[in-house]
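Please keep the sequence and the structure at hand while reading.

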Amino acid sequence: MLETSEIKKIPAFKGLTTPGQAAFLRHSLVILLYLLVALAFTWPLALNMGDHTPGSLTYDRDQNLWTLWWSRQALTNLHVNPYFTNFLYYPGGVNLFLFPTNLTTGVISLPLQALFGLVPSFNLLYFLGVVGGAWGIYCLAYYLTGDNTGAFLAGLVFAFAPWQNPASEFNQLNIIQFQWLAFFTLWVVKFLDWLFPGRAAGRLTLPLAQVLQNRAKYQLRYGTLAALFLVLIAFTDQYHLLFAAFLLVWLSLAPLVRLLARQNWGEAGISLVKLALLVVPAGVAFSPVMLGIIRDARSG
């Protein structure tokens, strides 16, 4: 992998002298490389985007294709609640709270279905999940280590490891949309670094006075982004929502315990409130679906 200093030595990129331009080029190259790996991983899917999907299991594929189709019907044609349909078990219909409705992906698919059709939309969303997930973990690993090559390999391991392959082979589009989880983790780590500056003294290479001066601004920025991605996760896949909850608790626990051990009750209380605010948007937005899940699960 090329470092920023090496990129600037390439004749075509000698004019890219600002850090922003160099970072844009670096991320563009990383995304392109991940896309090439994904194309090779699924070959010859790229030659058959209109009538094939990555895996071989038709049951989950057809279920996910139907989910995309139903999202479009419910939201743009019928203007009804996408978590209920009478297109199944007609005329009584059935709730879809316990079904992998994957509303986030369904909404994203709307313009794709209008432009390209159902099966190409499925495939484009597959590549969005794999490439976006790899890129999200690259960003996280680069932030944590500053090592470009190591971060690139981390993205490869996350998106193309054997544990991920069954989701591709089974055409489980809801599980493949793990890009939201990757970026949620990135924003949570950055949020916690500014919430507990002692947690990341090596990464926040700023004088303590400057860190304290900018804490509120960066907490708001990264906390808002983390909250947004948690909402996207909630409406994508509940497995991923559980993973996100575990990650948030695990990453927050140690710094909170240290504050309590020092009997810094005020700082610990404020930190808990800010962490709670991070999950409030997802809790409020997803609560109707969660109530429906609980009600249907208890119904027998």
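Histidine 79 has a relative accessible area of 61%, and because a residue counts as exposed when this value is over 50%, histidine 79 is exposed. The model in which this value was computed is a predicted one. Histidine 79 lies in the loop between helix H3 and strand E1, and its phi is near 55°, which is a positive value in a residue other than glycine.

Although it is not a glycine, glutamine 263 has a positive phi of about 60°, and its place is the loop between helix H11, residues 238-261, and helix H12, residues 265-298. With a relative accessibility of 56%, glutamine 263 counts as exposed.

Why do these backbone angles deserve a remark? Most residues other than glycine have a negative phi, and most peptide bonds are trans.

| Residues joined | Peptide bond | Omega |
|---|---|---|
| Tryptophan 43 and proline 44 | cis | about 10° |
| Tyrosine 90 and proline 91 | cis | near 5° |

Proline 44 lies in the loop between H2 and helix H3, the latter covering residues 58-78, while proline 91 lies in the loop between strand E1, residues 84-85, and strand E2, residues 94-95.

Turning to the surface, Leu32, Leu33, Leu35 and Leu36 form a nonpolar patch there, and together these residues have about 320 Å² of accessible area. Leucine 36, one of the residues in this patch, lies in helix H2, which spans residues 19-42. Its relative accessibility is 48%, so leucine 36 counts as partly exposed.

The whole chain can now be described. The protein has twelve helices and two strands, and from the N terminus on its elements run α-α-α-β-β-α-α-α-α-α-α-α-α-α. Among the contacts between residues at least 6 apart in sequence, 69% join residues that are at least 24 apart.

Note on methods:
Residues are numbered from 1 along each chain as its sequence is written. This is a predicted model: local features need pLDDT of at least 70, side-chain atom pairs count only at pLDDT 80 or more; totals for chains, interfaces and linings use all residues. Side-chain values use heavy atoms; hydrogens and water are left out. Patches are made of residues with over 30% relative accessible area and no salt bridge: like charges are joined within 9 Å, nonpolar side chains (Val, Leu, Ile, Met, Phe, Trp, Tyr) within 5 Å. Accessible areas come from the Shrake-Rupley method with a 1.4 Å probe; for residues, only the protein chains shown count as cover. A salt bridge is a side-chain nitrogen of Lys or Arg within 4 Å of a carboxyl oxygen of Asp or Glu. Helices (H or I, at least four residues) and strands (E, at least two) are DSSP runs, numbered from the N terminus. Buried means under 20% relative accessible area, exposed over 50%, partly exposed in between (1.4 Å probe, protein chains only). Contact means heavy atoms within 4.5 Å.
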